[in-house]
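Subject: Structure for you to look at

Hello,

Here is the structure I promised to pass on. Please open it first, then read my notes below.

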Amino acid sequence: MKTLVLGAVLAALLHITPTVILVKREDAVAKLLPGAERFAARELHLSSADSRRLHDAVGWEPPDGVVTFYLGKRQNQVTGVLLFMRVDCQHGPLELAIGFDPRGTIRGVEVTKATVEMKPWVLEALRAGLTDVYKGLDPSEKPTGADRVKPHIGAMPGYMAELIDKGVMHAAAAYRLFYRT
């Protein structure tokens, strides 16, 4: 009981609400890896040099030192690559699915999870066309979705758009530095 009360107090202080699913992972996989019949996960355990390289590129490194690439395959050909990316803020975590096509450009971005508090802000940013901006983006290009939608949305949805840009940037850097090469 004591642990439960302490957890509730801590959650109230941090003001993180429960996480909700916006898009099921399997639906994101189906959309971002179309035509794939088989799937494989490729885990990359980063060395300290690779972590530094990623950090120097985008100011981020995975907290557990692992980047997982999910490959979609059809007839032994890769149809695309997908990364799930977590972005944390004071309102809680966001989870994104970022899909890359066989040419290496971004096929699409899906926001799969957000907190109850963040959900309306995320949905407003998405309704403004945030994820449309990422389609066809080369992993070496800076995501500019937030800049495009901010004039049409409120301040908090604009902040969510910035976080989504950040997650796309992190996934693109991981793909560019460790998968595409």
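Start at isoleucine 98. Leaving aside neighbours within four places in sequence, Ile98 is in contact with Leu32, Val81, Leu82, Leu83, Met85, Ile106, Gly108, Val109, Gly167, Val168 and Ala171. Bear in mind that this is a predicted model.

Next, the cores. The largest nonpolar core has 42 residues. Leu83, Leu94, Ile98 and Ile164 touch the most other members. At least two residues each come from α3 (48-58), β3 (66-74), β4 (77-89), β5 (92-100), β6 (106-115), α4 (119-127), α5 (145-149) and α6 (155-179). The most come from α6, which gives 12 residues. In soluble globular proteins, nonpolar side chains tend to be buried together.

Now the sheet. It is open, with six strands in the order β1-β6-β5-β4-β3-β2, and the pairing is antiparallel. β1 (19-21) and β2 (38-45) are at the edges. Each has a single partner strand, so one side of each lacks a neighbour in the sheet. From one strand to the next, the twist averages 25°.

Aspartate 88 has proline 93, in β5, as its bridge partner.

Two helices meet the sheet. α4 lies across β1, β5 and β6, and runs at about 160° to β6. α6 packs on the sheet and touches β2, β3, β4, β5 and β6. The direction of α6 makes about 135° with that of β4.

Best wishes

Definitions and conventions. Residues are numbered from 1 along each chain as its sequence is written. This is a predicted model: local features need pLDDT of at least 70, side-chain atom pairs count only at pLDDT 80 or more; totals for chains, interfaces and linings use all residues. Side-chain values use heavy atoms; hydrogens and water are left out. A nonpolar core is a set of buried Ala, Val, Leu, Ile, Met, Phe, Trp, Tyr and Cys residues joined through side-chain atoms within 4.5 Å. Buried means under 20% relative accessible area, exposed over 50%, partly exposed in between (1.4 Å probe, protein chains only). Helices (H or I, at least four residues) and strands (E, at least two) are DSSP runs, numbered from the N terminus. Contact means heavy atoms within 4.5 Å. Two strands pair if DSSP finds at least two bridges between them. Axes are lines fitted to C-alpha atoms, for helices over the stretch in contact, and angles run from 0 to 180 degrees between N-to-C directions.
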